[in-house]
Each structure stands twice: as C-alpha cells, then as structure tokens.
Amino acid sequence: MYTHRELGIREVFLLRERARQELILFISSISLWRNRERFEHFSTGPDLDIDSSELEKAEAALLSSKKRRDDSIQIMMGRGLANDLRAGTRPNESGKLLTAFFGILRETATGGDPTEKQLTILFNALNCPVHLLVWSLKRRKLEVTSAFFSRRAVAEVLVRYLNLIAECGPVHGVCEDCGVMFIRKRERRFCHTCSAKRQTYAHRKEYLRKKRKEYYWRDAEDDREFRNKTKSTKGTMHGKTKTGKR
Ligand SMILES: [Zn+2]
C-alpha cells in the first residue's frame, strides 16, 4: 500500500527514521499535558515506547536551540505568553486536543482519513502564537519556534510526521488486541502489554490449559452425543446389533 517505486530502499529507511524522530518528539511534547494519562497510547508495557536516551537527545536538541543568545537577535512574545503556555494544561483544552490528535494518528495508522472535526482542532492549534524568533548573526539563519509543549509546536510536529509518513508509511501501529497505539518496529501487531502477555510462559500455559479443557469438553460432548445416539438407536437396532455382533 505504501510502496513508492520512485523511492529507493535507503531513502525510505531515512524517511522512516526521521518520521520516528518526529513521533518521539510528539510523544515527549505531550507528556506534560494534562489528561495525558487518560490515554494509554505510546505508554504501555514494562518500558515506554521511548527509551530515556532518546528523550534526552530530543531535550538536548531543544535546549541547544534555545541557547543561542550571544550572537543573535531575539524577538519573544510578550504579554499573553504565560497564558498561552498554560492553555495546553487546561483540562478541557488538553483533553480535546489529545482526543483529536490521537484520533488522527489512529486513522492514519490503518489507512483511514481524519475527520473534519479533528482537522479543525489541528487547524486551531496551528493558529496559536509563535513564541520566539531568533536571527543568528553567526550563521545568518532565522529560527521561528514555539515552546515545545505548546499547542502550536505539538500541532506542527504532528503535521511534519503526517507529511513524512505519506511518503514512507506509518511508523506507528494500533494494537490488534486492545487498540492502544505504539511505535512500530518491523511488523509488530500488538502493543508491549499484549505482546508480552502473549509471550509469557504463564499465558502460554493458560492458553494450553484452556485449549485442553476445550478439547476435553468437546470430546466429552462427542462421547455423550455418541452414547445418546447409540442409546436412542438401541431400541430399534437392538435386535440387529445383537445379531450382527453374534
Ligand atoms: Zn495491546
């Protein structure tokens, strides 16, 4: 479905790696949002989908982008900045945004399309203010950013991710057992929790025990059915069977 003939294997590999980085940034950015814990996506299993070294890398990248003070001209959003930053942590606001963003991700994981409502919420998040503009005198480069956990920054990272996976295919999946989303490695079909459950000895033992019980009951049922049949036919077949056996 997602194979593009014009892209080489190496190109696809690089695009998927970039998509993975954006998805990790998305997940780490919303980790501070209120109501995040209401959604299990990307947070199940004994260890999270992101290992801490990747989080640290993402944080270091963000910090380094903020450190350029000496050789730069900076323009920062003044009044309203604190209020805008707080908006993402308002329970209603964050709940609505997370529902929409996770909804979009779920659709794109399974080859579907987002709804107009979800896209409207994304649109409104993209219309939130830019917080910082930096002109680097040394590199003569312009950088325009919002705080990484702000609504706008999260919306922007989601847009970048969606555009990347349009090229290389999604790097996230929906668990076939419980519907929780996870970062996809190879062709994983289940989230951490469910695949761990499937792999544990206890689960396998339980599975075999159930199966055996099932077979036992089925055998017992068959036996009973057989006996009933023979019993019910006994009357009519009585003479015949006896003579046949003799
Ligand atoms: Zn699952």
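Me: Before anything else, what counts as a helix or a strand here?
Reply: Helices (H or I, at least four residues) and strands (E, at least two) are runs assigned by DSSP and numbered from the N terminus. On that basis the pattern along the sequence reads α-α-β-α-α-α-β-β-α-β-β-α-α, with eight helices and five strands in the protein.

Me: And which residue numbering and confidence limits apply?
Reply: Residues are numbered from 1 along each chain as its sequence is written. This is a predicted model, in which local features need pLDDT of at least 70 and side-chain atom pairs count only at pLDDT 80 or more, while totals for chains, interfaces and linings use all residues.

Me: OK, how much of the protein is buried?
Reply: Of the 246 residues, 21% are buried, where buried means that 20 or more other C-beta atoms lie within 10 Å of the residue's own, exposed means 12 or fewer, and partly exposed falls in between, with C-beta atoms placed from the backbone.

Me: Which residues touch the most others in the largest nonpolar core?
Reply: They are Phe26, Val154, Leu158 and Tyr161, in a core of 36 residues; such a core is a set of buried Ala, Val, Leu, Ile, Met, Phe, Trp, Tyr and Cys residues joined through C-beta atoms within 7 Å. Elements giving two or more residues to this core include α1 (9-30), α5 (116-126) and α6 (151-168), and α6 gives the most, with nine residues.

Me: What does Val154 touch?
Reply: Leaving out residues up to four places away in sequence, Val154 touches Phe26, Ser29, Ile30 and Ala125, a contact being two C-beta atoms, placed from the backbone, within 7 Å.

Me: Which residues of α1 are buried?
Reply: Among them are Ala19, Arg20, Glu22 and Phe26, along with Ser28, Ser29 and Ile30.

Me: Switching to the sheet, what is the strand order?
Reply: The open sheet of three strands runs β1-β2-β3 with antiparallel pairing, where two strands pair if DSSP finds at least two bridges between them. The edge strands, β1 and β3 (141-145), each pair on one side only.

Me: How many bridges join β2 to β3, and which residue partners Val134?
Reply: Five bridges join β2 to β3, and the bridge partner of Val134 in β3 is Glu143. On the other pairing, β1 and β2 (residues 132-136) also run antiparallel over five bridges, and Ile73 has Trp135 in β2 as its bridge partner.

Me: Why does β1 lie largely in the open?
Reply: Strand β1 (residues 72-76) lies largely in the open because zero of its five residues are buried.
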